[in-house]
Amino acid sequence: MEVNVENRLHRSLIRTGEVELSEFFPRSHAWEERDWEIVCSDVRALARGIRSALMAVTPLWLGLALWLLR
């Protein structure tokens with residue numbers, strides 16, 4: 001008596017694929033949220049750095065402007 005192994009393998013692969021697919025979407029959504037949080041954090045850090053640089057250079061620009069106005 002022969003056993004049809006191909007049919008059983010095909011069914012188990014489909015089930016495995018469905019489980020992996022149903023687990024993939026929540027994971028990918030979590031990765032997207034985490035990536036978005038990282039990008040927002042990087043942009044905030046860049047804005048702080050630019051603001052700090054401008055604040056550090058402001059006295060020089062004010063001094064130059066006053067010197068040129070004389």
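1. A word on patches before we start: they are made of residues with over 30% relative accessible area and no salt bridge, joining like charges within 9 Å and nonpolar side chains (Val, Leu, Ile, Met, Phe, Trp, Tyr) within 5 Å. A salt bridge here is a side-chain nitrogen of Lys or Arg within 4 Å of a carboxyl oxygen of Asp or Glu.

2. Please keep in mind that this is a predicted model, where local features need pLDDT of at least 70 and side-chain atom pairs count only at pLDDT 80 or more, while totals for chains use all residues. Residues are numbered from 1 along the chain as its sequence is written, and side-chain values use heavy atoms.

3. The chain has one helix and zero strands (DSSP runs: H or I of at least four residues, E of at least two). Helix α1 covers residues 5-69.

4. Of the 70 residues, 1% count as buried, meaning under 20% relative accessible area, whereas exposed means over 50% (1.4 Å probe, protein chains only).

5. On the surface, Glu32, Glu33, Asp35 and Glu37 gather in a patch of negative charge. Glu32 belongs to helix α1 and is exposed at 53% relative accessible area.

6. A nonpolar surface patch brings together Val57, Leu60, Trp61, Leu64, Trp67 and Leu68, with about 710 Å² of accessible area together. Trp67, also in helix α1, is exposed at 60%.

Conventions: Accessible areas come from the Shrake-Rupley method with a 1.4 Å probe; for residues, only the protein chains shown count as cover. Lys and Arg count as positive and Asp and Glu as negative; His and the chain ends are not counted. The place of a charge is taken as NZ of Lys, CZ of Arg, CG of Asp or CD of Glu.
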